[in-house]
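Dear colleague,

I am handing over the structure below, and after it you will find what I have noted so far. Please read the notes with the model open beside you.

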Amino acid sequence: MIMPTKHTHFSESLLGFGGYLLKKLDSKRTIDSLWNEYQKDLSNKHFTAKHNFDNFLLTLVFLHSVGAIEERGGGVVKCN
């Protein structure tokens, strides 16, 4: 589920979802605003794979564990 496989599209994997979330983190964002932005993009068909909130949190944990994001001042920011 983290990596795409023969039967899992890139957008359905946590890695693909993480790439999408990183693009949305151009400035500090709250978890709620990031989730709401994803829901809006999903309904407007700007992102093709449907993820639940558990996958959303797992993706954030994954991104944090590889050093791509960090928590700062009650929000999430992209690491440089």
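Aspartate 41 is found in helix α2, helices and strands being DSSP runs numbered from the N terminus (H or I of at least four residues for helices, E of at least two for strands). At 5% relative accessibility, aspartate 41 counts as buried, where buried means under 20% relative accessible area, exposed over 50% and partly exposed in between, with a 1.4 Å probe and protein chains only. Leaving aside neighbours within four places in sequence, aspartate 41 is in contact (heavy atoms within 4.5 Å) with Tyr20, Lys24, His46 and Phe47.

Before going further, please note that this is a predicted model, in which local features need pLDDT of at least 70 and side-chain atom pairs count only at pLDDT 80 or more, while totals for chains, interfaces and linings use all residues. Residues are numbered from 1 along each chain as its sequence is written, and side-chain values use heavy atoms, with hydrogens and water left out. The mean pLDDT (the predictor's confidence in each residue, from 0 to 100) of the protein chain is 91, and 92% of its residues reach 70 or more. Within the chain, confidence is lowest in α1, at a mean of 93, and highest in α2, at 96.

Arginine 29 lies in the loop between α1 and α2, and at 15% relative accessibility it counts as buried. The side chain of arginine 29 reaches the backbone oxygen of lysine 24 at 3.1 Å, which falls under the definition of a polar contact (a pair of N or O atoms within 3.5 Å; within protein, one must be able to donate a hydrogen and the other to accept it, and residues adjacent in sequence count only if both atoms are side-chain atoms). Not counting residues up to four places away in sequence, arginine 29 touches Lys24, Leu34, Glu37, Gly75 and Val76. Lysine 23, by contrast, is found in helix α1 and is exposed, with a relative accessible area of 66%.

Helix α3 (residues 53–65) has 13 residues and reaches 18 Å from its first C-alpha to its last, close to the 18 Å expected at 1.5 Å a residue, that expectation being 1.5 Å times one less than the number of residues. Asn55, Phe56, Thr59, Leu60, Phe62 and Leu63 are buried in α3, and, seen down the helix axis, the buried residues fall within an arc of 160 degrees (taken from the directions from the axis to the C-beta atoms), so they line one face of the helix. On the other side of α3, Asp54, Val61 and Ser65 are exposed. The buried residues of α3 pack against α1 (14–24), α2 (31–43) and β1 (69–72). At the start of α3, a side-chain oxygen of asparagine 52 comes to within 3.3 Å of the backbone nitrogen of aspartate 54, and the helix is followed by glycine 67, whose phi is positive, near 80 degrees.

With best regards
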